[in-house]
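Please read the report below alongside the sequence and the three-dimensional view, checking each residue as it is named.

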Amino acid sequence: MGKAEQNKKLKMESLLNTSFELFTSKGLNKTSISDIVEKAGVAKGTFYLYFKDKYDIRNRLIAHKSSQLFMQAYHALDEAGIEGFEDRLIFIMDYVLDELAANKGLLAFIYKDLSWAVFKKALTTPVSSDDVDFGEVYRKMIAESGLNFKEPEVMLFLIIELVGSTGYSSIMYDDPVSLNDLKPHLETTVRSIIKQYTIQ
């Protein structure tokens, strides 16, 4: 990577990091583009080279943070040596929930504006060269499983919606139960969803 490319990458990372810090401390509505560029130490024009507006940077931050989280889970999965599609998906679910429980600010940021469309883009559109297309990882996991699924994207959608909404309530409010108490229920339900979509 040349010096100009390296400089561009550093500026974009600075804008992403600064935006995340401001959005999680002040909130999206109370953060202006001027706040972001001032704290990041770049010109306003530089912001617009990379992002359309603060909603664009917010969506790309959700994509970036989600990608980082899922790839950490996937690397931990490889190290754990877990076999079997169901067990691997459960491991990723538990890992992500534990990470979000340890970082409630990240959970609040990701979950508040998370829709399936944003999440799907987050999983399949890397923001930086360090991000990975998790959709590709998911398809690889399916291929390695030797199983066939009807509508695997719908199956993933149902699992993410279930885990996301119930996990959020448990982590943020211990409602209806704590995360540790919820996990066995989630595991049973996720396994049931996977079985329902498995072609025998």
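## Model and confidence

This is a predicted model, in which local features need a pLDDT of at least 70 and side-chain atom pairs count only at pLDDT 80 or more, while totals for chains, interfaces and linings use all residues. Residues are numbered from 1 along each chain as its sequence is written, and side-chain values use heavy atoms, with hydrogens and water left out.

The pLDDT, which is the predictor's confidence in each residue on a scale from 0 to 100, averages 87 over the chain, and 89% of the residues score at least 70. Where pLDDT is low, the predicted coordinates should not be read in detail.

## Overall fold

The chain has 10 helices and two strands, where helices (H or I, at least four residues) and strands (E, at least two) are DSSP runs numbered from the N terminus. Their order from the N terminus is α-α-α-α-α-α-α-α-β-α-α-β.

Of the 200 residues in the chain, 42% are buried, a term that means under 20% relative accessible area, with exposed meaning over 50% and partly exposed in between (1.4 Å probe, protein chains only). Taking a contact as heavy atoms within 4.5 Å, residues 24 or more positions apart account for 68% of the contacts with a separation of 6 or more.

## The nonpolar core

A nonpolar core is a set of buried Ala, Val, Leu, Ile, Met, Phe, Trp, Tyr and Cys residues joined through side-chain atoms within 4.5 Å. In the largest one, which has 56 residues, Leu15, Phe85, Ile92 and Met155 touch the most other members. Helix H4 (residues 54-80) gives the most to this core, with nine residues.

Once residues up to four places away in sequence are set aside, Phe85 touches Tyr138, Met141, Ile142, Ser145, Leu147, Phe149, Met155 and Ile194.

## Aromatic pairs

Rings of Phe, Tyr and Trp (its six-membered ring) pair if their centres lie within 6.5 Å, and planes under 30 degrees apart count as stacked, over 60 as edge-to-face and the rest as tilted. The structure holds nine aromatic pairs. One of them is the stacked pair of Phe23 and Phe109, at 6.2 Å centre to centre with 20 degrees between the planes. Because Phe23 lies in helix H1 (residues 3-25) and Phe109 in helix H6 (residues 104-112), this pair ties together parts that are 86 residues apart in sequence. Both Phe23 and Phe109 are buried.

The rings of Tyr50 and Phe51 have centres 6.3 Å apart and planes at 55 degrees, so this pair is tilted. Tyr50 counts as buried at 17% relative accessibility, and Phe51 also counts as buried, at 2%. Ring pairs link Phe47, Tyr48, Tyr50 and Phe51 into a cluster.

Threonine 46 has its place in helix H3 (residues 44-50) and is buried, with a relative accessible area of 12%. Apart from neighbours within four places in sequence, Thr46 is in contact with Lys11 and Leu15.

Helix H9 (residues 152-173) has 22 residues and should span 32 Å at 1.5 Å a residue, which agrees with the 31 Å between its end C-alpha atoms; the expected span is 1.5 Å times one less than the number of residues. The buried residues of H9 include Met155, Leu156, Ile159 and Ile160. Just after H9, Asp174 takes a positive phi of about 55 degrees.
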